[in-house]
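I opened the model to look at backbone angles and helix packing. My notes follow.

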Amino acid sequence: MGYLSREERGYIEVALREGISVSQIALNLGRHRSSIYREIKRNTMKIGTKGNLGAMPYQASSAQNITKMRKKHTGTKTKANKLLVEKILYYLSLKFSPEQIAYGVPNITVCTATIYNWIYNGIVPFDKKHLRRRGKRFRAKNTGKLLKRPDSQWFINHSIEKRPVRVNKRQVFGHWEADSVLSTIRSKSTLATFVERKTRQYVTYKMPDKSAKSMHIAMRQLIDDYPGAVKSITCDRGTEFLNRIYTSIIEKLGVKIYLAHPYSPHERGSNENHNGLLREYFPKGTTFTKISQEDLDLATQAINKRPRKIHCWKSVEHVFKKELKKLRTV
């Protein structure tokens, strides 16, 4: 989320003076508590003699000044010096490539990329058109694995804060929470898990990996399995959910996607709880590649058949079927 603003530092100063805990400060600012702890530790002025320093109370103005001073002393220092530049220039004139200079010439203390950068930035006065391939550097082929992070407006439009109050209070049927459950470290196999907020119906699907494409397929499967019963899906901010293309496809089907706040699993509490129930059948360390979809269905059915106090000791399965029946009669 970036550096703290002057206003946020001002709030921290006042809150600490009033005895508010760091965890509560972080919650109020929408920051992780580690960020607040770091801010207080790094930007609180010290007084006293060397070896006998004491910390003053945190002050917003002092913290702002300390941060500015720290920024002035940061930055990279170039390794370029006259002898090194002249040496690189000499071998470039002999038709050596930057890679050949970096690896084949003794006492060259920089890598290929640095030589290219020095040429492009004018540190080494050599015309890039005289390089092999006229200075066009090799670009790695995009395999599609890199995820372009959506802009801030996209997050605002899909924030859980946009979710209607009736949905928050579980008064409306058809609004789900989603998550992914990882297999062992050595296995890519993952589970997509969904919980309907009003009835607590639990649904799981196997995925070959934790990619946005796999999660999109799982969401489509949920929509196909329960037509008309999926109106929204609330998920966290994992990479499998942050794909604008797949999100737009789902929303064209009339299903709204909401994103919980960072570090807020309680906003998807039903899903987190049911994932814990699933671990009773498949403990941590279970390799999901060895588990069939049929095995998963049996486990989730067993969970859904349990009587629940919240439903006056009726099963989730019973309540869910009643809601589905209402949809068909409308």
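The model is predicted, so I read every value as computed.

Next I looked up positive phi in residues other than glycine. Asn-107 has one, near 65°. I found Asn-107 in the loop between helix 6 (98-104) and helix 7 (112-120). Asn-107 is exposed, at 66% relative accessible area. Tyr-263 is not a glycine either, and its phi is positive at about 55°. Tyr-263 sits in the loop between strand 7 (256-259) and helix 12 (269-278). I noted a relative accessible area of 65% for Tyr-263, which is exposed.

Then I went back to helix 2. Which of its residues are buried? I listed Val-22, Ile-25, Ala-26 and Leu-29. They span an arc of only 100° around the axis, so they lie on the same side of helix 2. An α-helix has 3.6 residues a turn, so residues three or four places apart point the same way. The cover over the buried residues of helix 2 includes helix 1 (6-17) and helix 3.

The axes of helix 2 (residues 22-29) and helix 3 (residues 33-42) come within 8 Å and cross at roughly 115°. The two helices are therefore roughly perpendicular. The crossing of helix 2 past helix 3 is right-handed. From helix 2, Val-22, Ser-23, Ile-25, Ala-26 and Leu-29 make the contact; from helix 3, Arg-33, Ile-36, Tyr-37 and Ile-40. I sorted this contact by class: seven nonpolar residues, one polar and one charged.

Notes:
Residues numbered from 1 in each chain as written. Predicted model: local features only at pLDDT ≥ 70, side-chain atom pairs only at ≥ 80, totals over all residues. Heavy atoms only, no water. Axes fitted to C-alpha atoms, helices over the stretch in contact; angles between N-to-C directions. Helix = DSSP H or I, 4+ residues; strand = E, 2+ residues; numbered from the N terminus. Parallel < 35°, antiparallel > 145°, perpendicular 65-115°, else oblique. Left-handed = near helix turned anticlockwise from the far one by under 90°. Contact = heavy atoms within 4.5 Å. Nonpolar A, V, L, I, M, F, W, Y, C, P; charged D, E, K, R; others polar. Buried < 20%, exposed > 50% of the residue type's maximum accessible area, 1.4 Å probe, protein only. Arc of directions from axis to C-beta.
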